Amino acid sequence: KEKAAAGGVKPCSVCNQSKLSDSFSNKQWSAKAHSRKCLDCVAHPQAGSAGGQAGLAEGRSSIALAAAMKLLKEAGDTANQFCAKQLSLGNASDSDAASERATAGTETGQAVRLLPAQQTALQLGVYSKVTSLHAAQDWKGLQAIEHEACAAAVNLHPVLPTYAMEIYGDLGDCYELQGLYEKAVVLHEKSKSICAEMGDKAGLGVACSNLGNCYERLGQYDKAIASHEQDLTLAVELGDRVGIGAASGCLGFCYMKLALPEKSLEPQYEKAIAFHEKDLEIAKEIDDKVGMARAGCNLGVCYFSLGLHERAIDFHLESRAMYEEVKDPAGVMRACVNLGDCYQALGNEDKAVHWRAMSTTEQSVAVKPASD
């Protein structure tokens, strides 16, 4: 049975192409669908688009700090001086600054008593720190302030829910990208809950997609399907064709996993095929060659598993051609492996050997497929 299925893709909002995770920064991979940008589009921004990841993170951080300082506009008393000092130390990472932050809450042995607005200002400072650490992919630093960040999210939730949602989302990304999926699920669920409260369908779709990805990694495919189905429903409601294709591809991948021999067979593959066909349809509609290659690969895997080897070969040849066009050698080699398996199943040993040999050569991208 073939194992070389293609998964783990999301669409770029600028070029409208579905791409693998290594085509995005970690921050952009977890961004909302309407603002997600691949590395190419960040490096070469189109008219009206924002700058790179660092600039986006700096903007979010600056906005939060500006909002915090606005809350302290009536500065002058001890509490406001304390808040301003804390905010100024918020991005410091050395031990001296950390020690100063820990002891700055007292004046002549008395605890500083803060007004609600002043507390909110400090919590926005924590949000700014979370955003900066996430953008820098400083996962250890982000984990170190998790307790403080969650406390800030709890307090920000009633007054500034968007900031709370983003704190939970950033923490969820931190654990997901480190492979700590159970922890990530808890945090993404909190982000999802706040999105639902706010009626933020785009944000809710991102949270559902993230949850689906985590459940996939945990092997909990029923839960993954439920999350991706919700993502698909939201994409349909928003008229997001790229999102529909991405969610369909994820659902197809989950049904392929459920169709493994030790679990169940044809009905699951038939569902997987329907979703991958939708993914392929939209990829063609928006001229997303990476998406076409991925969907074709997955359709080939499904048809091979159903014993329809000639049909599988058609899709793997198309997939290989697309991977060649986008200069993805790993995709080309995966298609060659799959073609070798198909011909082996048909009893054509010569072509099976040919395609498997091509899968092991570094020049496989430049070699044209054999005539069938």
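This report walks through a predicted model of a protein, from its overall make-up down to a few single residues.

Residues are numbered from 1 along each chain as its sequence is written. Because this is a predicted model, local features need pLDDT of at least 70 and side-chain atom pairs count only at pLDDT 80 or more, while totals for chains, interfaces and linings use all residues; side-chain values use heavy atoms, with hydrogens and water left out.

The protein has 18 helices and four strands. Both are DSSP runs numbered from the N terminus: helices are H or I with at least four residues, and strands are E with at least two. Of the 372 residues in the protein, 49% are buried. Here buried means under 20% relative accessible area, exposed means over 50%, and partly exposed is in between (1.4 Å probe, protein chains only). As for contacts in the protein with a separation of 6 or more, 57% come from residues 24 or more positions apart. A contact means heavy atoms within 4.5 Å.

## Helices H16 and H17

Two packed helices are described by the angle between their axes and the distance between the axes. Helix H16 (residues 309-325) and helix H17 (residues 329-345) have axes that come within 9 Å and cross at roughly 165°. The axes are lines fitted to C-alpha atoms, for helices over the stretch in contact, and the angles run from 0 to 180 degrees between N-to-C directions. Among the residues making the contact are His 309, Ala 312 and Ile 313 of H16, along with Gly 331, Val 332 and Arg 334 of H17. The residues of this contact divide into 11 nonpolar, four polar and three charged. In that count, Ala, Val, Leu, Ile, Met, Phe, Trp, Tyr, Cys and Pro are nonpolar, Asp, Glu, Lys and Arg are charged, and the others, Gly among them, are polar.

H17 has 17 residues and reaches 25 Å from its first C-alpha to its last, close to the 24 Å expected at 1.5 Å a residue. That expected span is 1.5 Å times one less than the number of residues. The buried residues of H17 include Gly 340 and Asp 341, and the buried residues of this helix pack against H15, H16 and H18.

## Helix H12

Helix H12 (residues 221-238) runs for 18 residues and spans 25 Å between its first and last C-alpha, close to the expected 26 Å. Its buried residues include Tyr 221, His 228 and Asp 231. After H12 comes Gly 239, with a positive phi near 65°.

## Two loop residues

Asp 287 isn't a glycine, yet its phi is positive, at about 55°. Asp 287 lies in the loop between helix H14 (266-285) and helix H15 (289-305), and is partly exposed at 42% relative accessibility.

Lys 327 isn't a glycine either, and has a positive phi of about 60°. You'll find Lys 327 in the loop between H16 and H17, where its relative accessibility of 67% makes it exposed.

## Two buried residues

Ser 359 belongs to helix H18 (residues 349-359) and is buried, with a relative accessible area of 9%. Leaving aside neighbours within four places in sequence, Ser 359 touches Met 333, Cys 336 and Val 337.

Cys 150 sits in helix H8 (residues 146-156) and counts as buried at 16% relative accessibility. Again leaving aside neighbours within four places in sequence, Cys 150 is in contact with Tyr 168, Leu 171 and Leu 187.
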